[in-house]
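This report describes a protein chain through its strands, cores, ring pairs and charged contacts. Please consult the sequence and structure shown here alongside the text.

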Amino acid sequence: MSDTTSPLSSVRQVDNESRAVFEAIKHDVLHKIWELHKGDDLHDLNEARKLEHVKFYRPLAYKLQEVPYGVNYFAKIVLDEQGHAIHARAFKPSEESEKVVFHAIHVRPSDQGGAVFTLDDEIQYFEY
């Protein structure tokens, strides 16, 4: 764990509430994947190269982190039949009137897989 104010919860299967959070950030997540692909092409970064096409967007599991003014959601989202997934982070404010905010996609060094994870990779805290 990092120097965060509170630890992540245990892993949970997606439920209706978390599905709504991840659907709220879907456009931002898909746009970030597109940016990573563009960076791969321009700079040979290999951050999203394993992920050839996004076939679907299926949140599978998540962890929570309670923070002042809301909750951080860390999700594993499956994108194709091969089980390629990304780990995304969103913030859900305590105030019901405020919108869920996309934070980032977890990107490791390319020799560790870049932004593409497997179904077995654990959801971990990340900050960008």
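The sections below cover the basis of the model, its strands, its nonpolar cores, its aromatic rings and its salt bridges.

## Basis of the model

The model is predicted, and local features are reported only at pLDDT of at least 70, side-chain atom pairs only at pLDDT 80 or more, whereas totals for chains, interfaces and linings use all residues. Residues are numbered from 1 along each chain as its sequence is written, and side-chain values use heavy atoms, with hydrogens and water left out.

## Strand pairing around S4

Helices (H or I, at least four residues) and strands (E, at least two) are DSSP runs numbered from the N terminus, and two strands pair if DSSP finds at least two bridges between them. Strand S3 (residues 70-78) pairs with S4 in the antiparallel sense over nine bridges. S4 is also joined to strand S5 (residues 101-105) by four bridges, and these two strands run antiparallel. Ala88 of S4 stands opposite Ala75, and in S5 the bridge partner of Ala88 is Ile105.

Buried here means under 20% relative accessible area, exposed over 50%, and partly exposed in between (1.4 Å probe, protein chains only). Seven of the nine residues of S4 (residues 85-93) are buried, so this strand is largely enclosed by the rest of the structure.

## Backbone at the loops

Six residues lie between the strands in the hairpin of S3 and S4, where Gly83 takes a positive phi near 85°. Tyr69 also has a positive phi, of about 75°, although it is not a glycine. Tyr69 is located in the loop between strand S2 (58-67) and S3, and with a relative accessible area of 71% this residue is exposed.

## Nonpolar cores

A nonpolar core is a set of buried Ala, Val, Leu, Ile, Met, Phe, Trp, Tyr and Cys residues joined through side-chain atoms within 4.5 Å. The largest such core has 19 residues, and those with the most contacts inside it are Phe22, Val29, Tyr57, Tyr62, Ile77 and Ile86. Helix H1 (16-24), H2, S2, S3 and S4 each supply at least two residues of this core. Apart from it lies another core, of five residues, among them Ala61, Phe74, Ile123 and Phe126.

Contact means heavy atoms within 4.5 Å. Leaving aside residues up to four places away in sequence, Val29 touches Tyr57, Ile86, Ala88, Phe102 and Ile105. Ile33 lies in helix H2 (residues 26-43) and counts as buried at 3% relative accessibility. The C-alpha atoms of Ile33 and Ala115 are separated by 8.6 Å, although the two residues are 82 residues apart along the chain.

## Aromatic rings

Rings of Phe, Tyr and Trp (its six-membered ring) pair if their centres lie within 6.5 Å; planes under 30 degrees apart count as stacked, over 60 as edge-to-face and the rest as tilted. By this rule the count comes to five aromatic pairs. The rings of Phe22 and Tyr73 have centres 6.0 Å apart and planes at 85°, so this pair is edge-to-face. This pair links distant parts of the chain, with Phe22 in helix H1 and Tyr73 in strand S3, 51 residues apart. Tyr62 and Tyr73 form a stacked pair, at 5.8 Å centre to centre and 25° between the planes. Tyr62 lies in strand S2 and Tyr73 in strand S3, so the pair ties together parts that are eleven residues apart in sequence.

A charge sits over a ring if NZ of Lys or CZ of Arg is within 6 Å of the ring centre and within 35 degrees of the ring normal. The charged end of Arg58 sits over the ring of Phe56, 3.7 Å from its centre. Arg108 lies over the face of Phe117, at 3.7 Å from the ring centre.

## Salt bridges

The structure holds five salt bridges, each defined by a side-chain nitrogen of Lys or Arg within 4 Å of a carboxyl oxygen of Asp or Glu. One of them joins Glu17 to Lys92, with the closest N and O atoms 3.1 Å apart. Glu17 lies in helix H1 and Lys92 in strand S4, so the pair ties together parts that are 75 residues apart in sequence.

Glu122 forms a salt bridge with Lys63, the closest N and O atoms being 3.1 Å apart. This pair links the segment after S5, which holds Glu122, to strand S2, which holds Lys63, 59 residues apart. Glu122 counts as exposed at 51% relative accessibility, whereas Lys63 is buried at 10%.
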